[in-house]
Amino acid sequence: MIEIRWHGRGGQGAFTASKLLGAAAVTDGLYALSFPSFGPERRGAPIQAFTKIDDKKITDRSVITKGDYIIYLDETLYSPAAKEDLKAGGLIFVNTKDIDRYRDKNVIAIDADSISKEIIGRAVSNTAMLATLIAHTHIVDSESAKKVLKNYLPEKIVEKNKSVIDEIITIERSNNND
Amino acid sequence: MGERKFISGNDAFAEGIRLAKPNVISAYPITPQTIVVERLSEMVEDRSLKSEFIHVESEHSAMSAAIGAASVGARTFTATSSQGLLYMAECLPYAAGGRFPIVMMNANRSTALPWNIYGDQRDSLSQLDSGWIQMYVEDAQESLDMALMSYYIAEHTDVMVPVMVNLDGFVLTHTYEAVDIPTQSQADEFLPTYVTDNKMDLDNPVNMGFSVGPADNEEFHLLHHKAMLRVKDVVKEADERFKQIFGRSHGTMTQGYRIEDAEYILITLGSITGIAREVVDELRDRGVKVGVLKIRFVRPFPHEEIAALVKGAKAIGTLEKDISFGYEGTVYTNVNSALIRNGVLVPSYNFIGGLGGRDISYEDIKECFGTLIKGNEEKEVWIGLGVVDDVR
């Protein structure tokens, strides 16, 4: 089972990203569970969301304490101690303006806000971070991620978010080949 | 063929209700209510569900409106949760005693105080004596399927009793997973149109909602009780019919997993069952004979079935998100009564956990089995709170 933990603040779309990833996995013929850290929804408050992906039905509904991938939509929620929550060979993804601060083989830093702002017009970086995860891990098909956007996002921003996914996949995969 | 969607337990239940085509939905849409009624109101708005949606001013009114609608022969739905269910409590025996086959979804959430909106089962278990059938489901697919099946059971002429379908708050209601959504024609084939004589009808006037004095009152309760006792046969019939049409089965009043030769059995309720099965698989791989018995109905309580299934075990444990303060978990009380009624003597433990939404982990379940295997002088164990005296 692949376990992904999302960290964000209320309103940044961490739970939406976890749903998009789960829905993409199901589109790929896999099984998935997506759920938020439960509780009242408050804009700005730190929240977590979880995605579990497997090739068989998932029945463990408990929260993820050790993840394969941990994603920070908001840099201020990250601390180096997060690495203790990674499984062996796991990766952390951080949305930051200061990529050079994260010179670490387990951490992938990207300025998702700037890319999102340029394409969508707002620095809502959840699909950008989803695309970064997909670019580096191939856990789902990026075409599946694009396909499921319409079920979880307002209609008027679906196409722009597809462009965000395409843009990030192109940038990150070309960086990987460097 | 229907379609597969990646949706929450709430969404799945709403899809099941859409397929059941209730004539009337009454609801009070405020916390701790879940979004199931929001989804249904959207379906009524976009006309994918032709139903009268009554937006009432409280849970007490939601149940009262449901009773009123049911009393003219309408198929009726409402949903609630936690303190909302408790506010409804006065109306629950009216619906049950009036033999109105209303279906209600309850999102199992904690009750005050200390107040929180997270999941546990103390809300519905406090209402076991209301005369309603109580069902507990495990995942989003079972939620959708039971939304349909609950009407089949409630409206069956051998039953005519309302059904409360319980979904664990958040862990099930807010978790997204893949759900197969049947077609309307499949649903129509499964669920007959609701026709009843138990209604106000100008052409066939009957006395309803009446008072009955001491001379005859008890007879009515015995009839109600007997109807409840027939539920197990109707559930069997409904599941067989369901399997024919949808290709899925959910078992009888209980659903066992690797219990045939199990020496240690954990009894569960609702969504915690899945992780318990995974623990069973791991322990079985190591040669330990363990199993899980999921109770699907707490009213009527399948005492004979439970006793027969656990009688060969060396020890059993009842895991529940409930405490009846000053005694023990209520499901445990019922399980022990089932053992005694049926002459089964097995050491029986009570694992209490998940109160106020506390996470129950894989390791926690392993520890429950560890306690069953090792034995323990104290029969009541609070998960994650080893030494109760430390909690002040």
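In what sense, right-handed or left-handed, does H1(A) pass H3(A)? The views below show a predicted model, in which local features need pLDDT of at least 70, side-chain atom pairs count only at pLDDT 80 or more, and totals for chains, interfaces and linings use all residues. Residues are numbered from 1 along each chain as its sequence is written, while chains are lettered from A and ligands numbered from 1 in the order in which they are written.

**View 1. Crossing of H1(A) and H3(A).** H1(A) passes H3(A) in a right-handed crossing (the near helix is turned clockwise from the far one by less than a right angle). Helices (H or I, at least four residues) and strands (E, at least two) are DSSP runs, numbered from the N terminus. The axes of H1 (residues 14-27) and H3 (residues 126-137), both of chain A, come within 9 Å and cross at roughly 40°; axes are lines fitted to C-alpha atoms, for helices over the stretch in contact, and angles run from 0 to 180 degrees between N-to-C directions. H1(A) is therefore oblique to H3(A), a class left over once angles under 35 degrees (roughly parallel), over 145 (roughly antiparallel) and 65 to 115 (roughly perpendicular) are set aside.

**View 2. Mixed sheet spanning chains A and B.** The open sheet has eight strands in the order E6(A)-E5(A)-E4(A)-E1(A)-E3(A)-E2(A)-E8(B)-E1(B), with mixed pairing; two strands pair if DSSP finds at least two bridges between them. E6 (107-110) of chain A and E1 (3-8) of chain B stand at the edges, each with a single partner strand, so one side of each has no neighbour in the sheet. On average, neighbouring strands are turned by 25° against each other, direction ignored.

**View 3. Strand pairing within chain A and between the chains.** E4 (residues 67-72) and E5 (residues 86-95) of chain A run parallel and are joined by five bridges; Tyr69(A) has Leu91(A) of E5(A) as its bridge partner. E2(A) and E8(B) pair in the antiparallel sense over two bridges, and the bridge partner of Leu33(A) in E8(B) is Glu177(B).

**View 4. Contact between chains A and B.** Chain B contributes 20 residues and chain A 18 residues, where contact requires C-beta atoms, placed from the backbone, to lie within 7 Å. On the side of chain B that touches chain A, E8 and helix H11 (273-285) of chain B each supply at least two residues. H11(B) gives the most, with four residues.

Definitions and conventions: Contact = placed C-beta atoms within 7 Å.
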